[in-house]
Amino acid sequence: MPTVADTAGRPLRSLRISVTDRCNLRCAYCMPEEHYVWLPRRDILGFEEIATLVDCFIACGVDRVRLTGGEPLLRHDLPTLVRLLADKPALRDLALTTNGILLAEHAAALRAAGLHRLTVSLDTLRPDRFRALTRRDGLAQVCDGIRAADAAGFRPLKIDTVAMRGVNDDELADLIEFARPFGAEVRFIEYMDVGGATAWSPDKVLSRDAILADLTARYGAIEALREETSAPADRYRLPDGTVFGIIASTTVPFCSTCDRARLTADGMWYLCLYARLGTDLRAALRGGASRETLVDLIAARWGRRDDRGAEERLQERDRRALVPAAALRDDPHLEMHTRGG
Ligand code: SAM
């Protein structure tokens, strides 16, 4: 497959597609405000439009797609999109990230439609904490969803946990134990100062080092697995063989190997989670651009890419929330729940 490379020689390999900006949770680190500006429905890409754009990205080297949101399972008839994408032999990885609330009803249909892999976000095993963190009830539904995903044959399942100091830093081992019977791999994500994280501050970040220290105290010596990959997670093995991951995007950014881009539900294409500006692929698509024109547009834009958003954030002296709430209301595309995680 032809590959385009950016100014730092990074290939375009991975595309995250937000299929909706709507969410049925209000996680404090992602959607802490009271009111949101939603993308107009007429602007939301249809499944055929998404499939056409994916073909163009494949022509530029993409071979991994992750469906996300917002909450992707809120998108009506999602298995139909999964089937359209699963039929593309060039996609060697087709994954989905969900909060799990609706997963019990959809896991089997997603599997039947050809979805390869599933990641469920889960930050706490305590119902009261879940309610405080997400401002909704639903822990039991998420756990049912994880069981349904396991029963549907999604293996290995991944469980993503945003690790936050003073919030859930006393549950790291509990989450590993919870995941064990499902053979699921927990990945701890450092709290990131992305758009939407308006209450972010450095003292709330539980660093990779702190996570490792906590788990070493509980389990004993932890072995770092040596892997040559562009995957964001560093993987580790506990003395009993259990593997877990840490995504240290805040304290140890991986910009130098970042090969991923993001498409919003309304067709804006961003080259970095921290990017302020994107490329409007919906306008080009609905304006009648041919497939060749779209491929040229994507290849040319990626070729000029010089983003190193997370590394630049690391240089900030007085680091605080990336975007104030008022600016997020002016441009909802800056929100994490719009551009997808
Ligand atoms: N609704 C789906 C879910 O909850 O998995 C998909 C979208 S959500 C934006 C994707 C991932 O981004 C979740 O695992 C969430 O925890 C993560 N995320 C959101 N805000 C974050 C932040 N400030 N720092 C780190 N991870 C964040």
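Student: Are helices α1 and α2 roughly parallel or roughly antiparallel to each other?

Tutor: In this predicted model, helix α1 (residues 47–59) and helix α2 (residues 78–86) pack with their axes 10 Å apart, at an angle of about 25 degrees. Angles under 35 degrees count as roughly parallel. The two helices, α1 and α2, are therefore roughly parallel to each other.

Student: How many nonpolar, polar and charged residues does the contact of α1 with α2 have?

Tutor: On the side of α1, the residues that take part are Phe47, Glu48, Ile50, Ala51 and Val54, and in α2 they meet Leu78, Thr80, Leu81, Leu84 and Leu85. Sorted by class, the contact of α1 with α2 has 8 nonpolar, 1 polar and 1 charged residues.

Student: Which strands stand at the edges of the sheet?

Tutor: The open sheet is formed by 12 strands with mixed pairing, and their order is β7-β8-β9-β6-β5-β4-β3-β2-β1-β10-β11-β12. Two of these strands have a single partner strand each, so one side of each is left without a neighbour in the sheet, and these edge strands are β7 (223–224) and β12 (279–280).

Student: In β8, which residue is the bridge partner of alanine 224?

Tutor: Strand β7 runs antiparallel to strand β8 (residues 234–237), and 2 bridges join them. Within β8, the bridge partner of alanine 224 is tyrosine 236.

Student: At what angle does helix α9 run to β11?

Tutor: Helix α9 (residues 291–303) lies across β10 (260–263), β11 (268–270) and β12.

Key: Residues numbered from 1 in each chain as written. Predicted model: local features only at pLDDT ≥ 70, side-chain atom pairs only at ≥ 80, totals over all residues. Heavy atoms only, no water. Axes fitted to C-alpha atoms, helices over the stretch in contact; angles between N-to-C directions. Helix = DSSP H or I, 4+ residues; strand = E, 2+ residues; numbered from the N terminus. Parallel < 35°, antiparallel > 145°, perpendicular 65-115°, else oblique. Contact = heavy atoms within 4.5 Å. Nonpolar A, V, L, I, M, F, W, Y, C, P; charged D, E, K, R; others polar. Pairing = 2+ DSSP bridges.
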